[in-house]
Amino acid sequence: MSDKNQRSNPLSAGLDSGGSFNRFETGSQRKPTADTSRGSLFDELLEGEPIFDDKDVLRPAYTPSTLPHREAKINEMASILASALRSETPSNILIYGKTGTGKTASSKYVSEELERASDRYELPCHVEYVNCEVIDTQYRVFAKLANTFIDNNLNAIDAQIELLTEQVRSLRAGDGPEELTMDNLPELLDRIQALEADQENFERVPMTGWPTDRVYEAFFDAVDYQECVVIIMLDEIDKLVEKSGDDTLYNLSRINSDLVRSRVSIMGISNDLRFTDTLDPRVRSSLGEEEIVFPPYDANQLRDILEHRAEVAFKSNSLTEEVIPLCAAYAAQEHGDARRALDLLRTAGELCERDQSDRVEVTHVKRAQEKLELDRIIEVVRTLPHQSKLVLYATILLDKYTDSNSKTGEVYDVYRQLCEELGSDCLTQRRVTSLISELDMLGIINAVVVSKGRYGRTKEISISKHRDETEAVLSSDSRFAELGDVQPYIQARFD
DNA sequence: CTTCCACAGGAAGAAACGGCTC
DNA sequence: GAGCCGTTTCTTCCTGTGGAAG
């Protein structure tokens, strides 16, 4: 499963079997042989022993070969899906758990194992992964699935045609296998013709433009073309329902009654335990045939996970004793998020490397915690739409030049000034209210609804920690360049 | 207890847009 | 090129509401 350690590396020609650099002098210190008195940009950075053996092990994309503290859940999933290998339709499964509790990793692990087993049993079994945070409408879910199966079918048809063409060729040349005679020729040609007709019939679904029922039909035809058991894994299924209702799930859960050759089963993964409340009762009962809950990891379990990975990721003796417990403790505070714990450990290691220290220490972890939070905010702010940036900038100006927390009305006033100054379109207060809520959800600002009694109900808005860094990101946007002299004006207004 | 402020936030639908079909 | 279809963004209209003031 994991070929990380043997993956082909374009640079591997320069490594001897021991992994040391024979391009330079053999030895653990990577020093260039040429003139060292001058020193290049990178020499200094590469000085000292590297502490990582394989950093990728700490990245979220890595699927480990063992998932500590999830064996029971994995067995539970496997026992449900096993019926796929008997050509039966497995029950639909709903998997709950907060982020970083191993839902997706476990599900992917089980589905990879299932697909592997299905090769051995010669029972075609496909698991299709759909991330509903990205693909969040009925149209797009069916379009993605349809296109995947269409591609699969076209590849299978291509291979089949190639095989048949080869048989025809050898038959005509007279060197074909014994069991084929010239009498088979018309049959072979007929089959090739039929396959070519099928090939014509499959048409990829465009990004938009088709009516949804046509996309559904395309998906249906593609799935039912070859006999197989299909498991559709809908990650973040709650996002799909929130965004576009339960039509997708309704259609998927009914599809088996019309399929002739194939069987479809759904595996939903959700962060939200209560998302089925809003579903149509028919969908709820069919979707939740089996439910599995992934509890958050506690600090001890996180420590186990980190130790497992650190063993592979770091060279021995690269971590001081307190590092892993601290990473685990930080992540346990954030509802037992293993992804967060791994990010912390990796970043702490990177900071340590940059410091050219030999061992990761507690201070590196603390700095990593700060850095991760700041990086996230900067990335979110940088990619914000223009109008949201204006609202955020208005909030920052108010925060800078007034003492108390600002209110929705005040933010809207300043926002209008900014729009006027920049000549941008000015949205309604209703819309700005939603933008403020979105910024709150992203954790860039804190907005709390408070009642001022006689003086109405409003949101009290404050900037979360990194105000100056946030402002710097906004100022770097070229569209904000001409705003320089507006600040004193706004300052005067609210002094 | 009633009034009333200053909004919050839901519902519905208009507008704009990309991409399709015929 | 007109007419659909799905999606996103935004507006309009509306009802709801916590609690200080009266």
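**Exercise 1. Determine which exposed residues helix 7 carries on the face turned away from its buried side, and what its buried side packs against.**

Step 1. In this predicted model, Glu242 and Lys243 are the exposed residues on the face of helix 7 that is turned away from its buried side.

Step 2. Helix 7 spans residues 237–244, and its buried residues are Ile237, Asp238, Leu240 and Val241. These four lie on the same side of helix 7 because the arc they cover around the axis is only 160°.

Step 3. After helix 7 comes Gly245, which has a positive phi near 75°.

**Exercise 2. Describe the largest nonpolar core and the contacts of Phe275.**

Step 1. The largest nonpolar core contains 50 residues. Helix 4 gives the largest share of this core, 13 residues.

Step 2. The residues with the most contacts inside the core are Val205, Phe219, Ile232, Leu234, Leu249, Phe275 and Leu287.

Step 3. Leaving out residues up to four places away in sequence, Phe275 touches Leu94, Tyr96, Ile237, Asp238, Val241, Ser270 and Leu287. Among these, Ile237, Asp238 and Val241 are buried residues of helix 7.

Step 4. A second core of 32 residues is separate; Val414, Ala447, Ile463 and Phe480 are included in it.

**Exercise 3. Locate the residues that line the largest cavity and state how much space lies in it.**

Step 1. The structure has 1 cavity of 30 Å³ or more. The space in the largest cavity is about 50 Å³.

Step 2. Its lining is made up of His126, Phe149, Asn152, Asn153, Ala222, Val223, Gln226 and Cys228.

Step 3. At least two lining residues come from each of helix 4 and helix 6 (212–224). Helix 4 supplies the largest share, 3 residues.

Definitions and conventions
Residues are numbered from 1 along each chain as its sequence is written. Chains are lettered from A and ligands numbered from 1 in the order in which they are written. This is a predicted model: local features need pLDDT of at least 70, side-chain atom pairs count only at pLDDT 80 or more; totals for chains, interfaces and linings use all residues. Side-chain values use heavy atoms; hydrogens and water are left out. Buried means under 20% relative accessible area, exposed over 50%, partly exposed in between (1.4 Å probe, protein chains only). The arc is that of the directions from the helix axis to the C-beta atoms. Contact means heavy atoms within 4.5 Å. A nonpolar core is a set of buried Ala, Val, Leu, Ile, Met, Phe, Trp, Tyr and Cys residues joined through side-chain atoms within 4.5 Å. On a 1 Å grid over the protein atoms alone, a cavity is a set of points where a 1.4 Å probe fits but cannot get out, and a pocket is an open set with protein on both sides within 12 Å along at least five of seven lines; lining residues have an atom within 4 Å of a point. Grid points are joined across faces, edges and corners, and a volume is the space filled by probe spheres set on the points.
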